Amino acid sequence: MFENLVNRFESVFSNLKKTGTINEESLDLAMRDIRRALLEADVSLPVVKSFIANIKEKSLGQNVIQAITPSQMIIKIVNDELIETLGSNTVDLNINNSDVNNYLFIGLQGSGKTTSVGKIANHIKEKFSKKILLVSLDVQRPAAYEQLKTLGNRIDIPILEKVEKETPIEIIKRSRDYISKNNIEFVLYDTAGRINIDNELLEELNLIESEIVPNETILVLDSLTGQEAMKVATDFATTVKVTGSMLTRIDGDSRGGSALSMKVATGCPIKFMGVGEQIVDLEVFHPERIANRILGMGDIVSLVEKASENIDHEKAEEIANKIQKGEFDLNDLLSQISQMKKMGGLSSIMKFIPGLKNLGDIQNNANMNEDSIKRQEAIILSMTPYERTKPKIINGSRKKRIAKGSGTVVSDINKVLKQHRKMADMMKKLSKKGLQNINPMDIGNQLGNGINKNFLK
Ligand SMILES: Nc1nc2c(ncn2[C@@H]2O[C@H](COP(=O)(O)OP(=O)(O)OP(=O)(O)O)[C@@H](O)[C@H]2O)c(=O)[nH]1
Ligand SMILES: [Mg+2]
């Protein structure tokens with residue numbers, strides 16, 4: 001599975017490791033290798049282009065974390081980009097618990113539709129233990145019904161009996177009767193494949209789609225057809241409302257290009273992979289696991305994640321120290337804002353101040369308002385570094401300049417400065433008096449609601 005990509009990435013990273021430090025030149029070289037690896041894997045060109053552009057941008061803008069090497073950092077960036085390209089989240093079937101769930105399977109001839117219907121029916125049975133019905137709408141190929149019936153028998157799931165000379169629409173209408181009489185909860189509709197996508201096929205699918213009104217239409221694609229699969233996906237997706245795809249024959253796919261291109265082509269998630277001919281040869285598509293299979297660098301990825309967490313902790317600890325010494329300036333407020341954005345709350349800093357560790361209320365009280373936080377950040381960023389350390393020097397003309405630079409007005413600047421003074425005072429009191437004399441809710445109001453709710457409104 002994906003052997004070519006695995007090998008190519010392995011060699012890209014071993015070259016990168018050899019170069020030691022990473023500069024623009026060695027990065028360019030690595031990007032060129034990654035680009036080639038993706039193209040050889042038959043990943044579509046637009047996907048390759050955005051992939052490279054994104055990792056390059058992220059690599060150059062990356063803060064250096066001392067505990068890890070630059071090549072480890074890049075591995076993490078490539079890993080994240082792979083996950084993003086594959087679809088970010090794992091998505092199983094869309095299920096509506098209050099009604100009958102209808103699933104329509106479409107795709108080219110021989111792409112693996114009928115086999116996939118059997119596999120997914122088995123998946124539903126095992127995972128959700130629901131009452132399922134299989135329906136064959138393939139009236140083109142005489143053996144199609146028998147094929148699905150054999151699969152159904154193997155997993156003990158019924159199929160709607162065949163009636164000669166019926167059209168797909170007539171079959172769908174007849175299935176409703178069976179569904180209500182037998183309290184069926186899940187219905188899987190298999191359709192006929194075509195050699196090419198032509199208007200006749202698309203029209204028929206449109207009729208079937210409007211008759212069924214499916215919860216999901218799963219496009220079944222043969223991953224071995226690579227770029228061709230992507231074209232098919234685009235053609236289907238323009239006419240039928242495809243909600244997810246199933247990539248078959250991944251077991252024989254040494255390139256992996258279709259897996260990487262498919263989300264972009266269909267605009268919807270890859271939900272399943274077929275990894276063999278047997279009913280159990282089905283995998284729910286997990287982007288993270290696939291990225292790990294392709295890169296095989298799970299250890300490094302978690303190492304980098306850990307190091308990044310530590311750096312946040314170090315920063316938070318540094319600010320906490322300053323708070324205790326009463327040296328909290330606007331630079332610290334700025335770091336605190338970015339900490340809050342990253343770590344989701346003030347508690348990240350508070351927990352480093354003895355005695356404040358357990359004041360969960362403070363964080364709960366800190367009802368963040370993203371807009372006001374962004375504005376504060378813009379204001380502080382429009383100050384010079386010196387102004388940030390010595391806010392006292394910010395006079396009228398400086399305020400005007402800062403307001404202009406941050407797209408705000410002078411009274412907004414005044415609010416930031418006032419708020420900072422209040423916070424700094426509070427911090428000083430905190431470090432002098434100790435906690436006994438301070439009401440925790442006051443701190444919460446100052447740091448939380450103070451900044452976020454009333455600020456800059
Ligand atoms: N190795 C492997 N073979 C598969 C997979 N999925 C399907 N097949 C095989 O592919 C062949 C075609 O599968 P079908 O399910 O009949 O395909 P179809 O799309 O229903 O074909 P038509 O109904 O003729 O359009 C069969 O021999 C399957 O066993 C898979 O994930 N891996
Ligand atoms: Mg079939």
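## Ligand 1 and its shell

Lys113, Thr114, Thr115, Arg249 and Asp251 come nearest to ligand 1, out of the 20 residues around the ligand. The model is a predicted one. By residue class, the shell around ligand 1 holds 11 polar, 7 charged and 2 nonpolar residues. H5 supplies 4 residues, the largest share of that shell.

In the side chain of Thr115, an N or O atom is 2.4 Å from an oxygen atom of ligand 1. For Thr114, a polar side-chain atom lies 2.8 Å from an oxygen atom of the ligand.

## His123 in helix H5

Helix H5, which spans residues 113-128, also contains His123. Is His123 buried or exposed? The relative accessible area of His123 is 14%, and buried means under 20%, so this residue counts as buried.

Which side chain makes a polar contact with the side chain of His123? The partner is Asp92, at 3.1 Å. Leaving aside residues up to four places away in sequence, His123 touches Asp92, Phe128, Phe272, Leu282 and Val284.

## Salt bridge between Arg249 and Asp222

Side chains of opposite charge can pair when their charged atoms come close. The count for this model comes to 17 salt bridges. One of the pairs is Arg249 with Asp222, whose closest N and O atoms are 2.7 Å apart. This pair links distant parts of the chain, 27 residues apart: Arg249 sits in the loop between strand E5 (244-248) and helix H10 (257-266), and Asp222 belongs to strand E4 (residues 216-222).

Lys231 and Asp235 form a salt bridge in which the closest N and O atoms are 3.2 Å apart. What separates Lys231 and Asp235 along helix H9? They are 4 residues apart in this helix (residues 227-239), which means a separation of about one helical turn. Lys231 is partly exposed at 48% relative accessibility, and Asp235 is likewise partly exposed, at 28%.

Arg293 and Glu283 also meet through their side chains in a salt bridge, at 2.9 Å from N to O. Because Arg293 lies in helix H11 (residues 287-295) and Glu283 in strand E7 (residues 282-284), the pair ties together parts that are 10 residues apart in sequence. Arg293 has a relative accessibility of 37% and counts as partly exposed; Glu283, with a relative accessible area of 26%, is partly exposed too.

Which residues are joined into one network by salt bridges that share partners? They are Glu387, Arg398 and Arg401.

Notes
Residues numbered from 1 in each chain as written. Chains lettered and ligands numbered in written order. Predicted model: local features only at pLDDT ≥ 70, side-chain atom pairs only at ≥ 80, totals over all residues. Heavy atoms only, no water. Salt bridge = Lys/Arg side-chain N within 4 Å of Asp/Glu carboxyl O. Helix = DSSP H or I, 4+ residues; strand = E, 2+ residues; numbered from the N terminus. Buried < 20%, exposed > 50% of the residue type's maximum accessible area, 1.4 Å probe, protein only. Polar contact = N/O pair within 3.5 Å; in protein donor to acceptor, adjacent residues only side chain to side chain. Contact = heavy atoms within 4.5 Å. Near = heavy atom within 4 Å. Nonpolar A, V, L, I, M, F, W, Y, C, P; charged D, E, K, R; others polar.
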